[in-house]
There are 2 protein chains.
Amino acid sequence: MMLVEGARELSRAVAAGVRPHELYLCPELFSPEAQELVPGLETALGGGRATLLSRLAFEKVSGRENPDGVLGVAPLPVPALPDLGRRALVVVLHGLEKPGNVGAILRTADAAGADAAVVLGRGADPYGPNVIRASQGSVFAVPTLALGEEEALAWLAEQGFRTVACTPDARQDYWDAPLTGRVALLLGTEHAGLPPEWRRAHEAVRVPMHGQADSLNVATAAALVLYECVRQSRA
Amino acid sequence: MMLVEGARELSRAVAAGVRPHELYLCPELFSPEAQELVPGLETALGGGRATLLSRLAFEKVSGRENPDGVLGVAPLPVPALPDLGRRALVVVLHGLEKPGNVGAILRTADAAGADAAVVLGRGADPYGPNVIRASQGSVFAVPTLALGEEEALAWLAEQGFRTVACTPDARQDYWDAPLTGRVALLLGTEHAGLPPEWRRAHEAVRVPMHGQADSLNVATAAALVLYECVRQSRA
């Protein structure tokens, strides 16, 4: 089960086929967006249970500073490996620990039209409350799969993906690499980067840096390379 | 005066010419990086005063969850309008309120080699502790000027900048706009965008969006357009 807080986030989960079992509502705290979205959430409950909470009680169960009065409990989604076209874009996260970064990458992947995200290793739980919040619910819009490393490598190879490792020690700037067709972007932790077996990719690309910053934030680097894929694939 | 926490952040301030008046240190809390950087900070103190604090006292003055034992008080920098080359890149922030976004944009601007950042209107204080932290000290590496709107518009015009408004309702994708020469990227708040007088720019560009996310984070959009300037200007 997972806990999904926020009207927008829960609506995105419902839009992706998630059916909440329980809904906790505090109308006093509703944002205008919550006001608008709650009827749809109540419909999605089916046989589930909606409970009204006092403001005090809601603030106790909420994980947010400014809750919008909407919280649901739902079974974890089990997204299937997606059917892919000639062009496909997948982002593979290896052991990223900061929920804010994972959520930000999923949000950008959604905006860039990515087909899926694959989460590997011991990193942030993609269905943890902080990832859901940071992604603004995009974790439900982009099929997000937790796979074993072997399984992920086999699937990428079988589907003919061009694997692209994003790593600061690459010799090639990201805009110089061919990023069309079926592309899987591989991202490692800010601290340790990608492990050796994931660096043996078809391409290794870096984001060139001119300033003093030690490294771009991993979510910023991911956004740049994701959108370079979109730029290169545009009609 | 400003309060600069963190060995890295304070070192970047010192590298930019800032001279701290006071230094508060808690060796028990030093990170390896702090260990390495503190001697340089002590040298930069000049006639200033270094005070050792107990762990308890340091944690009380610190604004961070995991302080590294280094905190300085210094006069606010007064960066001059920079001398500009044929190519120049400036980012103009209009009223951005979230310190995390302002800091993230400054960090990316530093990595992209931007010549300056201009902060307009009632937004986050660029020398507030949360911007300094989110920028990892890049606010000192990229000259960051707080200007009035008239003054900023006059300076941009006088210096022959091509102004580029980043706005979701633009008709042109950012990679289709000419972004070479002297370019000033104009960014508004996530909520209200840019005010009318700032939309009358030479170009208006948008980041195309394919997913459900309502909008890219403003710092992500800024990163994409900043690096498109770099891509178009490369040798």
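This briefing walks through a predicted model with chains A and B, topic by topic. Chain A can be laid on chain B by a turn of 180 degrees and a shift of 0.0 Å along the axis, with an RMSD of 0.0 Å. The two copies are thus related as by a two-fold rotation axis.

**Where the two chains meet**

- The copies meet through the same surface, because 100% of the interface residues of chain A are also interface residues in chain B.
- Helix α9 of chain A (residues 218–233) packs against helix α9 of chain B (residues 218–233), at an angle of about 65 degrees and with the axes 9 Å apart.
- The crossing of α9(A) and α9(B) is right-handed.
- On the chain A side, the contact is made by A:Thr220, A:Ala223, A:Leu224, A:Tyr227, A:Glu228 and A:Arg231.
- On the chain B side, α9(B) brings B:Thr220, B:Ala223, B:Leu224, B:Tyr227, B:Glu228 and B:Arg231 to the contact.

**Helix α1 of chain B**

- Helix α1 of chain B (residues 7–15) is largely enclosed by the rest of the structure, because seven of its nine residues are buried.
- The buried residues in α1(B) are B:Ala7, B:Glu9, B:Leu10, B:Ser11, B:Arg12, B:Ala13 and B:Val14.
- What do these buried residues of α1(B) pack against? Their partners in chain B are β1 (2–5), β2 (22–25), α2 (32–44), β4 (70–74), α5 and α6.
- After α1(B) comes B:Gly17, with a positive phi near 100 degrees.

**How α1 and α2 of chain B cross**

- The angle between α1(B) and α2(B) is about 35 degrees, and their axes are 9 Å apart.
- This crossing of α1(B) and α2(B) is left-handed.
- From α1(B), the contact residues are B:Ala7, B:Arg8, B:Leu10, B:Ser11 and B:Val14.
- From α2(B), they are B:Glu33, B:Ala34, B:Leu37, B:Leu41 and B:Ala44.

- A:Leu187 is found in strand β9 of chain A (residues 182–187), and at 2% relative accessibility A:Leu187 counts as buried.
- Although A:Leu187 and A:His94 are 93 residues apart along the chain, their C-alpha atoms are separated by 6.0 Å.
- Leaving aside neighbours within four places in sequence, the contacts of A:Leu187 include A:Val91, A:Val92, A:Leu93, A:His94 and A:Leu96.
- Also in contact with A:Leu187 are A:Ile105, A:Cys166, A:Leu194, A:Val218 and A:Ala222.
- B:Leu156 is found in helix α7 of chain B (residues 149–158), and B:Leu156 is buried, with a relative accessible area of 3%.
- Beyond its neighbours within four places in sequence, B:Leu156 is in contact with B:Val92, B:Phe161, B:Thr163, B:Ala184 and B:Trp198.
- B:Leu156 and B:Val225, 69 residues apart in sequence, have C-alpha atoms 18 Å apart in space.

- A:Gln136 is not a glycine, yet A:Gln136 has a positive phi of about 55 degrees.
- Where does A:Gln136 lie? A:Gln136 sits in the loop between α5 (129–134) and α6 (138–141) of chain A.
- A:Gln136 counts as partly exposed, at 22% relative accessibility.
- In chain B, B:Gln136 also has a positive phi of about 55 degrees, and B:Gln136 lies in the loop between α5 (129–134) and α6 (138–141) of that chain.
- The relative accessible area of B:Gln136 is 22%, so B:Gln136 is partly exposed.

**Cysteines**

- How many disulfides does the structure hold over all chains? The structure holds zero.
- B:Cys229 is in no disulfide, and the nearest cysteine sulfur, that of B:Cys166, is 8.1 Å away.
- B:Cys229 is buried, with a relative accessible area of 3%.
- B:Cys26 is buried as well, with a relative accessible area of 1%.

Conventions
Residues are numbered from 1 along each chain as its sequence is written. Chains are lettered from A and ligands numbered from 1 in the order in which they are written. This is a predicted model: local features need pLDDT of at least 70, side-chain atom pairs count only at pLDDT 80 or more; totals for chains, interfaces and linings use all residues. Side-chain values use heavy atoms; hydrogens and water are left out. Axes are lines fitted to C-alpha atoms, for helices over the stretch in contact, and angles run from 0 to 180 degrees between N-to-C directions. Helices (H or I, at least four residues) and strands (E, at least two) are DSSP runs, numbered from the N terminus. A crossing is left-handed if the near helix is turned anticlockwise from the far one by less than a right angle, and right-handed if clockwise. Contact means heavy atoms within 4.5 Å. Copies are superposed by least squares on the C-alpha atoms of residues with pLDDT of at least 70 in both. A disulfide is a pair of cysteine sulfur atoms within 2.5 Å. Buried means under 20% relative accessible area, exposed over 50%, partly exposed in between (1.4 Å probe, protein chains only).
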